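Have the structure open and follow along.

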Amino acid sequence: MQLGFAHRLDLLTLVDLVVVVAVTGGFQLAVGAGGAALDRVADAAIEAARRQATTVTTEEVARQLHDDREERYGRLRDSVLPLLRGIGEGTLSPADPDVQRRAALEAARLRRLFAEESDVADPLVVELGSVVDLAEQRGAEVRFSATGQRPVPPPAARAALVDVIAPALLAARRSARVTLSAAGAGVLVGVVADVGVADVEMTDAGAAASPEISTVVVGTEQQTWVEVRWTPSAS
Amino acid sequence: MDPVSIVIVDDHPAIVDGVRAWCAAADPPIVVVGAGREPSVAVCGAGAAADIVVFDLQLETGVLSFHAVGRLVAAGRRVVVYSQAADDATVLRCLELGVSTYLTKAEGREHLIPALHAAARDLPYVSPALGGVMAGDRRADRPVLSDREREVLLAWFESDSKNLVATRFGLSVKTIDTYIARVRIKYAEVGRPASTKAALVARALQDGLVDLDDL
């Protein structure tokens with residue numbers, strides 16, 4: 001079977017979601033034995049979703065819901081599994097841009113849950129997460145990544161950091177990247193959104209509030225990158 | 001030229017099929033000659049001749065996974081670690097062992113495929129996550145980076161876009177690539193010697209990415 005380019009991309013998005021679902025651990029979404037061909041991978045994913053989602057995985061979800069990873073598996077149960085199942089039952093088509101979009105969104109959500117899970121002790125991660133949730137509700141696919149040994153800024157500084165990045169993140173149309181890293185004795189929050197810098201209404205409130213906060217904005221016609229740094233003043 | 005071939009060590013069938021699909025759709029395509037959950041798949045049968053071992057670092061098996069990576073590298077294999085783990089200690093330990101590069105599973109096909117093409121030619125490939133880890137390295141014996149090198153790495157981690165990094169610093173994408181590659185070569189120079197690291201350094205010298213004074 002000759003696959004058109006667009007069709008291939010659709011399938012790759014589906015594969016991406018299935019890979020993320022498999023990574024969530026405990027869920028052996030077996031996608032067939034030797035499905036090297038692209039169309040067979042999709043067929044196998046669909047078959048596996050139909051077979052596994054209704055048996056092993058639902059039992060697993062039900063069991064796991066009782067432990068502290070409730071949210072992670074709750075998301076699988078509420079959004080990922082119906083999506084995979086719909087594709088499997090033929091009520092949703094992987095060629096449908098909306099289905100493709102949902103698959104991409106769910107993959108991003110699951111990735112973020114992972115990233116956050118290892119950083120639950122960091123209140124800044126939680127506070128950034130609430131803005132990420134809003135951006136997702138507006139339909140953007142948000143990737144989150146944190147690195148380095150980071151200090152925890154005081155509450156006022158955390159609020160200022162979130163204030164500075166929020167306008168760009170909330171202006172994201174389809175995708176955004178949020179990062180958190182260590183920078184000297186401070187931290188660095190970065191947001192890249194797929195929106196021209198002219199379409200972001202930057203606020204200077206956070207920046208003006210404290211000499212410990214500094215901001216860099218890099219903009220092109222298609223992307224806006226806001227970097228905000230908190231540097232504790234020497235005392 | 002023969003297509004790049006890989007063998008996948010991963011215990012999730014879905015991951016294996018996902019990577020197969022990405023490789024089949026890659027330009028130029030990458031051939032998957034073997035896959036399995038045990039590292040032995042990379043040393044026996046068709047997998048033994050693969051250009052690259054794509055290795056899922058199973059943290060549940062603890063130290064065994066690192067040992068397997070170390071043995072493969074010692075045997076002269078190019079290893080690309082593709083793992084769910086993104087913590088700094090794990091990533092740095094793999095670099096020390098001499099892997100070609102390290103990718104997190106969250107980075108997906110847009111980084112795995114170019115990383116495999118680069119690894120096959122002994123060229124450095126630094127994903128944003130790896131860049132972030134190297135920029136944040138605080139170990140006493142870490143390689144010495146210039147301020148600009150660290151800034152560029154952090155910017156790459158933040159933006160996942162070399163165009164944005166280039167715009168920010170007023171440099172060309174090629175220059176940004178050189179900064180990132182140079183840091184990777186510095187890491188190749190520290191830690192345990194391995195033929196794969198030597199190849200990486202030799203190639204970088206050959207291509208003028210670094211000169212001997214940088215090392």
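Two strands count as paired if DSSP finds at least two bridges between them. Strands (E, at least two residues) and helices (H or I, at least four) are DSSP runs, numbered from the N terminus.

This is a predicted model, where local features need pLDDT of at least 70, side-chain atom pairs count only at pLDDT 80 or more, and totals for chains, interfaces and linings use all residues. Residues are numbered from 1 along each chain as its sequence is written, while chains are lettered from A and ligands numbered from 1 in the order in which they are written.

## The chain B sheet

Chain B has an open sheet of five strands in the order 2-1-3-4-5, with parallel pairing. Its edges are strand 2 (31-36) and strand 5 (101-104) of chain B, each pairing on one side only. From one strand to the next, the twist averages 20°.

Look inside the sheet and you'll find strand 1 (residues 5-9) and strand 3 (residues 52-55) of chain B, joined in parallel by four bridges. Ile6(B) has Ile52(B) in strand 3 of chain B as its bridge partner.

## Strand 3 of chain A and its partners

Over in chain A, strand 2 (residues 175-183) runs antiparallel to strand 3, and eight bridges join them. Arg177(A) sits opposite Val192(A) of strand 3 of chain A. The hairpin these two strands make has two residues between the strands, and Gly184(A) takes a positive phi near 60° there.

Strand 3 of chain A also pairs with strand 5 (residues 224-230) of chain A, again antiparallel, over seven bridges. Here Val191(A) has Val226(A) as its bridge partner. How many of the eight residues of strand 3 (residues 186-193) of chain A are buried? Seven are, where buried means 20 or more other C-beta atoms within 10 Å of a residue's own, with C-beta atoms placed from the backbone.

## Helix 4 of chain B

Helix 4 (residues 108-120) of chain B has 13 residues and spans 18 Å from first C-alpha to last, close to the 18 Å expected at 1.5 Å a residue (that is, 1.5 Å times one less than the number of residues).

The buried residues of helix 4 of chain B are Gly108(B), His111(B), Leu112(B), Ala115(B), Leu116(B), Ala119(B) and Ala120(B). They cover an arc of only 155° around the axis, so they lie on the same side of helix 4 of chain B; the arc is that of the directions from the helix axis to the C-beta atoms. Just after this helix, Asp122(B) takes a positive phi of about 60°.

Conventions: A residue is buried if 20 or more other C-beta atoms lie within 10 Å of its own, exposed if 12 or fewer, and partly exposed in between; C-beta atoms are placed from the backbone. Axes are lines fitted to C-alpha atoms, for helices over the stretch in contact, and angles run from 0 to 180 degrees between N-to-C directions.
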